[in-house]
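Thanks for coming, everyone. I'll keep this brisk. Please have the structure up on your screens.

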Amino acid sequence: MFNRFQFLFQTNTSREKQMRAAINQKLIEMGERERLKELLRAKLIECGWRDQLKALCKEVIKEKGIENVTVEDLVAGVTPKGRALVPDSVKKELLQRIRAFLAQHST
Amino acid sequence: SQPRTASHPDSDAGSVMSPAGCSHVNGFKVDNWKQNLRVIYQCFVWSGSVETRKRKAKSCVCHLCGAHLNRLHSCLHCVFFGCFSKKHIHDHAKNKRHNLAIDLLYGGIYCFVCQDYIYDKDMEQIAKEEQRKAWKLQEFCKTSGIGEKYSMWEPTKRELELLRHNPKRRKITANCTIGLRGLINLGNTCFMNCIVQALTHTPLLRDFFLSDRHKCEMQSSSCLVCEMSQLFQEFYSGHRSPHIPFRLLHLVWTHARHLAGYEQQDAHEFLIAALDVLHRHCKGDDNGKKANNPNHCSCIIDQIFTGGLQSDVTCQVCHGVSTTIDPFWDISLDLPGSSTPFWPLSPGSDGSVVNGDGHPSGATTLTDCLRRFTRPEHLGSSAKIKCSGCHSYQESTKQLTMKRLPIVACFHLKRFEHSAKLRRKITTYVSFPLELDMTPFMASSKESRMNGQYQQPVDSLNNENKYSLFAVVNHQGTLESGHYTTFIRQHKDQWFKCDDAIITKASIKDVLDSEGSTHKRTQ
């Protein structure tokens, strides 16, 4: 019984992976990924997220010193907080947009 | 900057990374490397064409684990894609001794010897060019009219010099009041002051003047654009005492004689006259393009304020349409309460009230006024138009719509009625919103309605026709004796009332409850 459950669970995650890859491919092929990136960029600037991230980056640079800091230091120091700071409204809007795109281009 | 050493068994002892790049790219920069790098950018980073996008979609996955996320990088020395987050590209670099990789999301070049992204001048140049090329191929570039991808300002050598010699800096915080300054009333000059406040708070105009973009070609010292430039310097100087605009007033009297004298003038007339003189004095700024199209040159005034109004005259007999497009700087709207009937909004109803949207219950809105402005209007049997289709005079309907929207839209509510019988002020309250969508009034919307096309629901993601209120000019009093004041928006949501020399903080409610003779919105 236990093994069967595990098996089913694994199949679903691999299908999920396949689906993600297929969606990503479609988004790139139709140029929608670029459009979404531009939309996201504009939204994140508008809501002040980019300024917040800039401030966080400055903190990391102060900590490590400008001569020694690497991009990796910034990525590691800023990513978790950065992800958390994205407003729900922006996430909602992007998801809506992706859903609409998929509905239009369902195979 | 201090040299950083990296420990890699095959690197030269004491390899140096400078902020401009590293020496490890030298192994890569051989033979036809520039073209190879371009191809990598075109195919895998910024894919502009359909073919390259298809290829990117198919091939850009990690060769070790198949993932398409995880900060995928491509090796610069061979065809290998690997995750950065899972270190798959790092393993490849170590095993094959391929030192360089490129980030497929942002195009940055990573050096495994220096263990950081590097900024090689030649490679950056190629990256910039390829990004620009791909941007131009994007469809949204063509529809939105943004021809060029935004790139951050970088100071020139001269500008760096100036910055070094002038170390004093002014910091703009969220609450600072820079840009706010009162204007002394020089004798019934509030009609000028109120418009000046609106203009000095027009963001694009402010940016144009504060970045010194005006090149004066006028011989005398009577250039209004130069004076405008001076005015911006005064407003953003940080001085808190009110400014005395005597030079501006003198120039206005010189160039717009009909506004001279100490009587009360009309603020809307002043706005149009001021825009006209500024447009004429911008001779040096448009590279001689004015000669080609006197109605829409590329001076800053036209770029910001000029829109296109489409007028369609439809013959009632043959239904042929004659279309003209005229430039406009403002939209003058009739109000209910004037001697010309406001309601109904559709033709042929002979003054009977229309139900539904047209029914005048509650306050009139700006949208009502715009709907009236763009309604089809039956021109009547006494105003027949010569129809080129019928070759005779026929009755027709006329309709106005927006062909091209300006960046800053000025709405003028016609409160002053000057008809043969009476001169009076219409005080009917008209409510206006903070955000306005002009889509329903566009010529393109009218076309899709007529073609029976499905009217797209107002697309919240498409901001092309959306406007944000930033200035409201109000007139208090009567036609004979009155006073102009202006509400302006500072930063994103702070409003101030400008009453000649006195500036006070205002609430959004104050602004929206006001009469609003003229208000301006920016896209």
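Let's start with strands 3 and 5 of chain B. Strand 3, residues 72-75, is joined to strand 5, residues 100-103, by 3 bridges, and the two strands run antiparallel. One pair to look at: B:Ser74 has B:Ile102 of strand 5 as its bridge partner. Keep in mind that this is a predicted model.

Now zoom out to the whole sheet. It is open, has 5 strands, and in chain B the order is 4-3-5-6-7, with antiparallel pairing. Which strands sit at the edges? Strand 4 (81-83) and strand 7 (116-118) of chain B do, each pairing on one side only. On average, neighbouring strands of this sheet are turned by 40° against each other, direction ignored.

Back to strand 5 of chain B, and its other partner. Strand 5 also pairs with strand 6 of chain B, antiparallel, over 3 bridges. Here B:Ala101 stands opposite B:Tyr110 of strand 6. The two strands make a hairpin, with 5 residues between them. In the turn, B:Gly107 has a positive phi of about 80°.

Where do the side chains of strand 5 point? B:Leu100 and B:Ile102 go one way. B:Ala101 and B:Asp103 go the other way. All four residues are buried, B:Asp103 included.

Helix 1 of chain B, residues 33-45, lies across strands 4, 5 and 6 of chain B. Helix 1 runs at about 40° to strand 5.

Next, the core. In soluble globular proteins, nonpolar side chains tend to be buried together. The largest nonpolar core here has 55 residues. Which of them touch the most other members? B:Met192, B:Ile195, B:Leu205, B:Phe270, B:Ile301 and B:Phe305 do. Take B:Phe305. Leaving out residues up to four places away in sequence, B:Phe305 touches, among others, B:Leu199, B:Leu205, B:Leu275, B:Phe328 and B:Trp329. The contacts of B:Phe305 also include B:Thr202 and B:Lys520.

Last, two loop residues. B:Asn188 has a positive phi of about 60°, although it is not a glycine. B:Asn188 sits in the loop between helix 6 (157-165) and helix 7 (190-200) of chain B. B:Asp500 is another non-glycine with positive phi, near 50°. B:Asp500 lies in the loop between strand 23 (494-499) and strand 24 (502-506) of chain B.

Buried or partly exposed: which is B:Asn188? B:Asn188 counts as partly exposed, because its relative accessibility is 36%. B:Asp500 is at 13%, so B:Asp500 counts as buried.

Terms used: Residues are numbered from 1 along each chain as its sequence is written. Chains are lettered from A and ligands numbered from 1 in the order in which they are written. This is a predicted model: local features need pLDDT of at least 70, side-chain atom pairs count only at pLDDT 80 or more; totals for chains, interfaces and linings use all residues. Side-chain values use heavy atoms; hydrogens and water are left out. Two strands pair if DSSP finds at least two bridges between them. Axes are lines fitted to C-alpha atoms, for helices over the stretch in contact, and angles run from 0 to 180 degrees between N-to-C directions. Contact means heavy atoms within 4.5 Å. Buried means under 20% relative accessible area, exposed over 50%, partly exposed in between (1.4 Å probe, protein chains only). A nonpolar core is a set of buried Ala, Val, Leu, Ile, Met, Phe, Trp, Tyr and Cys residues joined through side-chain atoms within 4.5 Å.
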